[in-house]
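Colleague: I would like to learn how to read this model feature by feature. Please take me through it.

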Amino acid sequence: MNTLAFGDGHGPGPWILLFPLIWAAVVIGTVALVRRTGLWRGPSGRGPRYATGRGPAGGPVTPSPVELLGRRFAAGEIDEDEYWRRLSVLDERFGPVEGRR
């Protein structure tokens, strides 16, 4: 029983096995391209889970105290001395943030 003919004119030939590989490459390439360019992310830029401004449990995304402090410093609401003083208090209470020190 020869299901793939090899040139006698009957059947599609062995090259038909190449089509599923081509389609898999097209799908994988498209997904990789969309993910790399960021087109899959929502307006917040945090990915599909956070595109609505909701956290993993469905509640609102709340920034950490250190993030809030950094935003206030960046906006000019507090000066550098105040920033470092408050940051040292947060470090004592919550521990240092990974990657910052």
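Colleague: Which residues make up the largest nonpolar core?

Modeller: This is a predicted model, so read every value as computed from it. A nonpolar core is a set of buried nonpolar residues joined through side-chain atoms. Here the largest one holds 5 residues: Leu69, Ile78, Tyr83, Leu87 and Leu90.

Colleague: Which helix gives the most to this core?

Modeller: Helix H3, residues 80-94, with 3 residues.

Colleague: What is Leu69 in contact with, leaving aside its neighbours within four places in sequence?

Modeller: Ile78, Tyr83, Leu87 and Leu90 are among its contacts, and these four also belong to the core. Arg86 is in contact with Leu69 as well.

Colleague: Now zoom out. How many helices and strands does the chain have?

Modeller: The chain has 3 helices and 0 strands. Along the sequence the pattern reads α-α-α.

Colleague: What share of the chain is buried?

Modeller: Buried residues make up 11% of the 101 residues. The chain exposes about 8400 Å², and carbon and sulfur atoms supply 61% of that area.

Colleague: And what share of the contacts joins residues 24 or more positions apart?

Modeller: The figure is 12%, taken over contacts with a separation of 6 or more.

Colleague: Let us turn to the surface. Which residues form a nonpolar patch there?

Modeller: Trp15, Ile16, Leu17, Leu18, Phe19, Leu21, Ile22, Trp23 and Val26. Together they have about 950 Å² of accessible area.

Colleague: Next, the aromatic rings. How is a pair described?

Modeller: By two values: the distance between the ring centres and the angle between the planes. In this model the count comes to 2 aromatic pairs.

Colleague: Is the pair of Phe73 and Tyr83 stacked or edge-to-face?

Modeller: Stacked, because the planes stand at 25° and the centres are 4.7 Å apart. The cut-off for stacked is under 30 degrees.

Colleague: Which parts of the chain does that pair tie together?

Modeller: Phe73 lies in helix H2, residues 65-75, and Tyr83 in helix H3, so the pair ties together parts 10 residues apart in sequence. Phe73 is partly exposed at 33% relative accessible area. Tyr83 is buried at 14%.

Colleague: What about the pair of Tyr83 and Trp84?

Modeller: Tyr83 and Trp84 pair edge-to-face. Their centres lie 5.2 Å apart, with 75° between the planes. Trp84 has a relative accessible area of 45%, so Trp84 is partly exposed. Ring pairs link Phe73, Tyr83 and Trp84 into a cluster. Tyr83 also belongs to the largest nonpolar core.

Colleague: That leaves charge. What is the general idea?

Modeller: Side chains of opposite charge can pair when their charged atoms come close. A search of the whole structure finds 3 salt bridges.

Colleague: What does Glu77 form a salt bridge with?

Modeller: Arg72, and the closest N and O atoms are 3.1 Å apart. Glu77 counts as exposed at 53% relative accessibility. Arg72 is partly exposed at 31%.

Colleague: Which residues are linked in a network of salt bridges?

Modeller: Glu82, Arg85 and Arg86. Between Glu82 and Arg85 the closest N and O atoms are 2.8 Å apart. Between Arg86 and Glu82 that distance is 2.4 Å.

Colleague: How do these residues sit along helix H3?

Modeller: Glu82 and Arg85 are 3 residues apart in helix H3, so about one helical turn separates them. Arg86 and Glu82 also lie in helix H3, 4 residues apart, again about one turn.

Colleague: Is Glu82 buried or exposed?

Modeller: Buried, because its relative accessible area is 19% and the cut-off is under 20%. Arg85 is partly exposed at 47%. Arg86 is partly exposed too, at 32%.

Note on methods: Residues are numbered from 1 along each chain as its sequence is written. This is a predicted model: local features need pLDDT of at least 70, side-chain atom pairs count only at pLDDT 80 or more; totals for chains, interfaces and linings use all residues. Side-chain values use heavy atoms; hydrogens and water are left out. Helices (H or I, at least four residues) and strands (E, at least two) are DSSP runs, numbered from the N terminus. Buried means under 20% relative accessible area, exposed over 50%, partly exposed in between (1.4 Å probe, protein chains only). Contact means heavy atoms within 4.5 Å. Accessible areas come from the Shrake-Rupley method with a 1.4 Å probe; for residues, only the protein chains shown count as cover. A nonpolar core is a set of buried Ala, Val, Leu, Ile, Met, Phe, Trp, Tyr and Cys residues joined through side-chain atoms within 4.5 Å. Patches are made of residues with over 30% relative accessible area and no salt bridge: like charges are joined within 9 Å, nonpolar side chains (Val, Leu, Ile, Met, Phe, Trp, Tyr) within 5 Å. A salt bridge is a side-chain nitrogen of Lys or Arg within 4 Å of a carboxyl oxygen of Asp or Glu. Rings of Phe, Tyr and Trp (its six-membered ring) pair if their centres lie within 6.5 Å; planes under 30 degrees apart count as stacked, over 60 as edge-to-face and the rest as tilted.
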